[in-house]
Amino acid sequence: MLNFNQTIYDAVSGDRDLLNFLLLHGFEQLKNPKMLEVLGKTMTLGKACDMRGIDREKLNTDYEAYRKKLEGGEDITLRQKHEAGAATLKIRGILPCPIRVPLLELFDSFIKQQGAEDTIDYDLRSANLGLDWMEDEVRRAESTEDLPDVFMSAGFKLFFDKELIGKFVEEGAFRYDAMRLHDRYRQPDCMLEDPQKNYYVTGTVPAVFIINHAVLGDRPVPQSWEDLMQPIYYNDVAVPMGDLDLFNAILISLYDRYGMDAVRKLGRNFATDLHPSQMVKKTTPAISISPYFFACMIRGGQGMSYVWPTDGAVASPIFTIIKKSALDRLQPFLEFLTSEETTAVFSANGKFPCTDPKAKDILPPETKLLFPSWDLLNGEDITSLLDRCEAVFYEGVREE
């Protein structure tokens, strides 16, 4: 049982298993030895949970289940892949850190129920490991037949880059006719459904504003992305450039809605680059652009709040693409992917809104998402466009 009155440092000292568990349950910053040394010695596990909005009882229940798996010889923290010599299905993906472990557990149960241990080959890694390994596999493919049957990942570059998956999409290699989206995500001002049926948006990582009221002072709280571009926020906006997928989503969405000048203005107001987990601390600029997941960690008394922009939280998409030639073989997997149990885990209580109609929609109806048009995504060279957006952003950063 977890001792929530114990300092984090004392709790994990000599207990690598507990450290691994915490790393996968919202405490990624403990990977940094200096962070563990400094903060870990002064903060109790209970206080850290309260600051991050983590339910203590659920964390303890998850830890007990984790310990039982270890006692049975299974280390869920290290497992990310299963190789099957006679595989008839190959699945590759990158999963958001907060939901990776529960999704892997569900997926393993599904494989066992299907008796498919020898026929499904998967590699599902944590988002913090990057995309290089998956890009390398795509580059080695000489034809569609060499590709895995399913790719899952956030971000635009891997899927739209014409040197990577984009070239196979143009050849008609992928299709998702069987997948449906909730009506909420099929509206003119929030269209996540690809009219060409190449890309299935499984879910999104919404970006909102975290406001540090002490630093903001008597300036008005920005309510929209248009507000955020105003000169009164010059050099006072933290942008998550370290999260490349989210950063690209912000650039391309603002460009599509407001034009390249909006990208320049955001660069002008740029103050610093913070990891999302740092944005809930008091030592931030006045405004931080942050994933909704991290914004939900804010609690009363911190002098901070978050704003869901009125023109829409930028939606960093989590794509699933499915090889057309494998659709029949993939039917059981697709049913698993869109099951109520899987979509509930995937959405993480609405923090990563899931698009499937069976997923529980707990976001207030007035909340909107900001997403680039499919005319842009399917009609432009997205890699080149993102490069131009980034160049203009940095031009704005250099403005006085």
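Helices are taken here as DSSP runs of at least four residues, numbered from the N terminus. In the predicted model, Thr-7 lies in the segment that precedes helix H1 (8-12). Thr-7 has a relative accessibility of 18% and therefore counts as buried, the cut-off for this class being under 20%. Beyond residues up to four places away in sequence, Thr-7 touches Gly-40, Lys-41, Met-43 and Thr-44.

Two helix pairings were examined. Helix H6 (residues 97-114) packs with helix H15 (residues 327-337) at an angle of about 140°, and their axes are 11 Å apart. The crossing of these two helices, H6 and H15, is right-handed. On the H6 side, the contact involves Leu-106, Phe-107, Phe-110 and Gln-114, which meet Pro-332, Phe-333 and Phe-336 of H15. Of the residues in the contact of H6 with H15, six are nonpolar and one is polar, with no charged residue.

Helix H12 (residues 244-258) and helix H18 (residues 382-398) pack at about 90°, with 10 Å between their axes. H12 and H18 are therefore roughly perpendicular to each other, since angles of 65 to 115 degrees fall in that class. H12 contributes Phe-247, Asn-248, Leu-251, Ile-252 and Tyr-255 to the contact, and H18 contributes Ile-382, Leu-385, Leu-386, Cys-389, Glu-390 and Phe-393. The residues of the contact of H12 with H18 comprise nine nonpolar, one polar and one charged.

Aromatic rings form 25 pairs in the structure. In one of them, the ring centres of Phe-156 and Phe-160 are 6.0 Å apart and the planes stand at 45°, so the pair is tilted. Both Phe-156 and Phe-160 are buried. Phe-156 also pairs with Phe-319: the centres of these rings are 6.0 Å apart and the planes lie at 70°, so this pair is edge-to-face, planes over 60 degrees apart being classed in this way. The pair of Phe-156 and Phe-319 links distant parts of the chain, 163 residues apart. Phe-156 is in the loop between strand S4 (150-154) and helix H8 (157-160), whereas Phe-319 belongs to strand S12 (residues 313-322). With a relative accessible area of 1%, Phe-156 is buried, and Phe-319, at 0% relative accessibility, counts as buried as well. Phe-156, Phe-160 and Phe-319 are among the members of a cluster linked by ring pairs, together with Phe-159, Tyr-199, Phe-371 and Trp-374.

Terms used: Residues are numbered from 1 along each chain as its sequence is written. This is a predicted model: local features need pLDDT of at least 70, side-chain atom pairs count only at pLDDT 80 or more; totals for chains, interfaces and linings use all residues. Side-chain values use heavy atoms; hydrogens and water are left out. Axes are lines fitted to C-alpha atoms, for helices over the stretch in contact, and angles run from 0 to 180 degrees between N-to-C directions. A crossing is left-handed if the near helix is turned anticlockwise from the far one by less than a right angle, and right-handed if clockwise. Contact means heavy atoms within 4.5 Å. Ala, Val, Leu, Ile, Met, Phe, Trp, Tyr, Cys and Pro count as nonpolar, Asp, Glu, Lys and Arg as charged, and the others, Gly among them, as polar. Buried means under 20% relative accessible area, exposed over 50%, partly exposed in between (1.4 Å probe, protein chains only). Angles under 35 degrees count as roughly parallel, over 145 as roughly antiparallel, 65 to 115 as roughly perpendicular and the rest as oblique. Rings of Phe, Tyr and Trp (its six-membered ring) pair if their centres lie within 6.5 Å; planes under 30 degrees apart count as stacked, over 60 as edge-to-face and the rest as tilted.
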